Every structure is written in C-alpha cells, then in structure tokens.
Amino acid sequence: MFKELKILDESDKRLRIVSKNVTLPLGAEDKKLIKQIIKQLRYSQIDEYSKKYNLRPGMGLAFPQLGIHKRIIVIVEEIEDGVFDNYVVINPEIVSNSVEMIAAEAGEGCLSVNREVEGHVKRFARVTIKGFDEDSDPIQFRAREELAIAFQHEIDHLDGILFYDRIDKKRPILGENEIRFI
Ligand code: NI
C-alpha cells in the first residue's frame with residue numbers, strides 16, 4: 001500500500017528552521033520514514049506511479065520538508081531506465097568541494113516549491129560528503145554533477161535555505177561564459 005507523505009509548502013515557516021544533528025542510533029520511526037521517502041521519490045520518477053498517485057517528480061527530500069527538524073537527507077537517483085540508487089545521509093557535511101562551479105541550465109526544482117522559478121543556482125561541481133548511514137556507520141563519498149547539486153540542495157534544507165535564496169536577484173540568468181551548465 002502506498003501512503004503519500006505530506007510535504008511542506010514554501011509558504012510554511014517551518015522550512016526556515018535550522019535542523020538539529022541526529023543522535024545515533026536511528027530510531028525505528030525515522031527508519032520507517034526513510035523507507036517511505038525512498039518509495040515516494042522512486043514512484044515520483046516512474047511515469048506509471050507518478051500519474052497514478054499524482055506525484056510531482058523529485059529526486060531528493062530532507063526531513064525538515066516533512067516538518068521534522070532532524071539532519072537527514074534522502075536522494076534517489078535514476079542511473080538508468082528504471083534502475084535507482086538511493087542515498088541516505090544522516091548528519092551530512094560537505095568536507096571538501098571543487099573550485100569549479102556549475103548550474104542546472106533549466107534551473108532547480110523542489111518538492112516544496114510548487115511553481116517555476118526562473119534563475120540559475122551556482123553550485124560546486126564536485127563535493128565530498130561525510131555523514132552516517134541508517135546503521136550508524138560512518139560514510140564518505142564524492143558526488144559530481146547532478147548528484148552534487150542534489151546534495152547541496154538537500155543540505156541547504158537542513159539549514160533552512162531554499163534554492164531560490166541563492167539566485168542573484170539582480171542577475172538571475174547566468175551566461176555560458178560565467179558558469180558551466182549541466
Ligand atoms: Ni528541495
């Protein structure tokens with residue numbers, strides 16, 4: 001059975017709260033919620049289910065988007081047709097980043113933002129992420145390109161930041177000579 005999670009809308013001030021580090025080990029409720037998030041993100045990226053359940057496609061969600069202020073992020077990336085990689089990171093930190101910056105050419109989207117937002121968001125092209133997995137084991141890995149953007153976007157949620165906060169109000173659209181688009 002599929003039960004849709006209620007995701008806070010951008011108008012909700014709770015999205016602006018800075019989330020707290022999670023004390024490990026993870027509780028059963030948090031683990032259950034992570035499973036539900038993975039399922040929903042996966043369904044949202046599969047046409048049949050996104051239509052059936054009326055889900056807006058998304059690849060990432062952070063706990064504060066559910067009104068829970070714990071530093072937990074989930075990313076579900078489709079690596080090939082119908083094949084998904086899941087990333088669950090508890091207390092994530094960016095421990096190093098590339099000098100090179102990139103931006104999603106079409107702009108970023110967010111499951112809490114139900115409208116098109118024009119403008120480019122500058123992100124590091126590569127980041128190294130450190131944190132813990134669901135079993136409290138320390139993890140560290142490198143993310144690049146779209147996945148790197150996803151991690152930076154989700155970690156921002158933990159600090160109460162929405163992607164459009166990072167769009168330059170005076171010059172929202174960047175040129176190809178100032179940044180590499182993906
Ligand atoms: Ni978001």
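**The fold.** Colour the chain by secondary structure. The protein has three helices and eight strands. Helices are DSSP runs of H or I with at least four residues, strands are runs of E with at least two, and both are numbered from the N terminus. From the N terminus on, the order is α-α-β-β-β-β-β-β-β-α-β. This is a predicted model, where local features need pLDDT of at least 70, side-chain atom pairs count only at pLDDT 80 or more, and totals for chains, interfaces and linings use all residues. Residues are numbered from 1 along each chain as its sequence is written, and side-chain values use heavy atoms, with hydrogens and water left out.

**The whole chain.** Zoom out. The C-alpha trace spans about 50 × 40 × 35 Å along its principal axes. Of the 182 residues, 47% are buried. Buried means under 20% relative accessible area, exposed over 50%, and partly exposed in between (1.4 Å probe, protein chains only).

**The nickel site.** Select the nickel ion. Which atoms coordinate the nickel ion? They are C110 (SG), H153 (NE2) and H157 (NE2), at 2.1 to 2.3 Å. Donors are N, O and S atoms within 2.8 Å of the metal (3.2 Å for Na, K and Ca); water is not among the atoms, so sites may look incomplete. Along the chain, the donors of the nickel ion follow the spacing C-x42-H-x3-H.

Now show helix α3, residues 145-158. H153 and H157 are four residues apart in this helix, so about one helical turn separates them. Both H153 and H157 are buried.

**The start of the chain.** Go to L24 and P25. The peptide bond from L24 to P25 is cis, with omega near 5 degrees. P25 sits in the segment before α1 (28-44). Most peptide bonds are trans.

**Helix α2.** Move on to S50, in helix α2 (residues 47-52). S50 is buried, with a relative accessible area of 12%. Leaving aside neighbours within four places in sequence, S50 is in contact (heavy atoms within 4.5 Å) with Y43, S44 and L55.

Select N91 in strand β3 (residues 83-97). N91 is not a glycine, although its phi is positive, about 50 degrees. Is N91 buried or exposed? N91 is buried, at a relative accessible area of 10%.

Finish at S136, in the loop between β6 (126-132) and β7 (138-144). S136 has a positive phi near 70 degrees and is a residue other than glycine. S136 is partly exposed, with a relative accessible area of 23%.
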